[in-house]
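Subject: Structure handover

Hello,

Here is the structure I said I would pass on. My notes on the sheet and the helices follow below it.

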Amino acid sequence: MPSRCKTPHAVVTFDSTADAMAVQAAAADGSVPGRMIPVPSEISAGCGLAWSTPASQQQKLEQVLQTKNLSWSAIKIVDLY
């Protein structure tokens, strides 16, 4: 069985579940790279939900969040599987 390696991800945290759900709804068309995850234990923030994308996609993610006028609290780089 191949072993998995952690890789850097840009993790977006939210102040409210409504903000997190708005990002997930906006992502339905495929324009927002990544997926919704529980907030990693390395981060203590927000509503318990976070959006994760490979760190290489952080700039694109930030542009989409701003273009779609979506609210978020912070973006942190975390090593995830």
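Please keep in mind that this is a predicted model.

I start with the pairing of strand β1. Strands β1 and β3 (residues 49-54) are joined by five bridges in the antiparallel sense. Within this pair, Ala10 faces Thr53 of β3, and Val11 is opposite Ser52 of β3. With strand β4 (residues 74-80), β1 forms seven bridges, again antiparallel. Thr13 has Ala74 of β4 as its bridge partner.

Taken together, the strands make an open sheet of four, in the order β2-β3-β1-β4, with antiparallel pairing. The edges are β2 (35-38) and β4; each has a single partner strand, so one side of each has no neighbour in the sheet. From one strand to the next, the twist averages 40 degrees.

Two helices go with the sheet. Helix α1 (residues 17-26) packs on the sheet and touches β2 and β3. The direction of α1 makes about 35 degrees with that of β3. Helix α2 (residues 58-67) lies across β1, β3 and β4, and runs at about 130 degrees to β3.

That leaves the question of burial: how many of the seven residues of β1 (residues 7-13) are buried? Five of the seven are buried, so the strand is largely enclosed by the rest of the structure. Buried here stands for under 20% relative accessible area.

Regards

Notes: Residues are numbered from 1 along each chain as its sequence is written. This is a predicted model: local features need pLDDT of at least 70, side-chain atom pairs count only at pLDDT 80 or more; totals for chains, interfaces and linings use all residues. Side-chain values use heavy atoms; hydrogens and water are left out. Buried means under 20% relative accessible area, exposed over 50%, partly exposed in between (1.4 Å probe, protein chains only). Two strands pair if DSSP finds at least two bridges between them. Axes are lines fitted to C-alpha atoms, for helices over the stretch in contact, and angles run from 0 to 180 degrees between N-to-C directions. Contact means heavy atoms within 4.5 Å.
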